[in-house]
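Hi everyone, thanks for making time this morning. I'd like to walk you through a structure, so let me put it up on the screen.

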Amino acid sequence: MRKFRTGPPSVRTKNINIPGVGAVLLEKSGRAKHMNLSIRPLRGVRVAVPKHVSFAAAEVFVRSKSGWLMKHLPKIKAVEKEISRRRKDMPVPLMDMSAARRILVDRLDALCEKHGFSYHRVFVRNQKTRWGSCSAKKNISLNVNLVRLPEELMDYAIMHELVHTRELNHGPRFWGLLESFMPGAKVLDRELSQFSFLLVR
């Protein structure tokens with residue numbers, strides 16, 4: 001007879017509080033090979049814990065890093081304040097997903113026709129860390145927040161992904177090709193990074 005487990009499901013996360021640091025999230029990760037400590041604006045302190053490592057060991061690890069965390073927390077708090085200020089000053093509110101998708105797909109198709117590109121499928125998502133991506137199958141994903149950018153930067157981000165349909169990496173050939181369609185590409189890339197506060201939630 002086949003036996004089934006009847007115990008409680010395994011716990012994937014645990015929250016702890018460290019004096020002087022505050023809340024810390026311990027989270028089991030199937031991809032982590034070693035414990036990985038990160039601190040990000042608006043997301044707080046997180047430890048990626050390999051499956052074979054206990055939460056108790058992870059807690060000892062993060063407490064040993066409390067001095068480093070307390071040193072960097074003021075910088076993170078300053079960044080959070082700046083993000084809040086810039087969001088308030090952002091003139092274009094986020095529109096609904098269907099309207100944003102129409103704008104982005106129309107612009108994607110216009111740039112394809114203008115520069116001779118093609119793609120397989122397009123997705124519009126509210127991504128947390130990137131403006132877009134392109135797969136080896138030429139599936140393009142665009143961040144809905146692109147509609148809030150100046151038009152030149154929205155076009156740059158879309159062209160960046162279209163060029164990835166020909167060059168998947170960020171090597172010299174990629175940048176050379178992108179530059180041929182978007183002169184000053186690296187300058188535009190730096191300008192785009194100034195709007196990264198829109199991605200942090």
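Before we look at any pair of helices, one term: a crossing is called left-handed if the near helix is turned anticlockwise from the far one by less than a right angle, and right-handed if clockwise. Keep that in mind for a moment. Please also remember that what you see is a predicted model.

First, the overall layout. The protein chain has six helices and seven strands. Starting at the N terminus, the order is β-β-β-β-α-α-α-β-β-β-α-α-α. Of the 201 residues in the chain, 43% are buried. And if you take contacts between residues at least 6 apart in sequence, 51% of them link residues at least 24 apart.

Now to that crossing. Helix α4, residues 151-164, and helix α6, residues 185-193, have axes that come within 10 Å and cross at roughly 110°. With that angle, α4 counts as roughly perpendicular to α6. And here is our term: the crossing of α4 and α6 is left-handed. Who meets whom? From α4 we have Glu152, Leu153, Tyr156, Ala157 and His160, and they meet Ala185, Leu188, Asp189, Glu191 and Leu192 of α6. Sorted by class, the residues of this contact are six nonpolar, one polar and three charged.

Helix α6 has another partner, α5, which covers residues 172-181. These two pack at an angle of about 95°, and their axes are 9 Å apart. So α5 is roughly perpendicular to α6 as well. On the α5 side, the contact uses Trp175, Leu178 and Glu179, while α6 brings Ala185, Lys186 and Asp189. The class count for this one is three nonpolar, no polar and three charged residues.

Let's move to helix α1, residues 55-64. Which of its residues are buried? They are Phe55, Ala58, Glu59, Phe61 and Val62. Looking down the axis of α1, these buried residues fall within an arc of 160°, so they line one face of the helix. Turn to the other side of α1 and you find Ala56, Val60 and Ser64 exposed.

Is serine 38 buried or exposed? Its relative accessibility is 16%, and the cut-off for buried is under 20%, so serine 38 counts as buried. Leaving aside residues up to four places away in sequence, serine 38 touches Gly44, Val45 and Arg46.

That's my tour, and I'm happy to go back to any part of it.

Definitions and conventions: Residues are numbered from 1 along each chain as its sequence is written. This is a predicted model: local features need pLDDT of at least 70, side-chain atom pairs count only at pLDDT 80 or more; totals for chains, interfaces and linings use all residues. Side-chain values use heavy atoms; hydrogens and water are left out. Buried means under 20% relative accessible area, exposed over 50%, partly exposed in between (1.4 Å probe, protein chains only). Helices (H or I, at least four residues) and strands (E, at least two) are DSSP runs, numbered from the N terminus. The arc is that of the directions from the helix axis to the C-beta atoms. Axes are lines fitted to C-alpha atoms, for helices over the stretch in contact, and angles run from 0 to 180 degrees between N-to-C directions. Angles under 35 degrees count as roughly parallel, over 145 as roughly antiparallel, 65 to 115 as roughly perpendicular and the rest as oblique. Contact means heavy atoms within 4.5 Å. Ala, Val, Leu, Ile, Met, Phe, Trp, Tyr, Cys and Pro count as nonpolar, Asp, Glu, Lys and Arg as charged, and the others, Gly among them, as polar.
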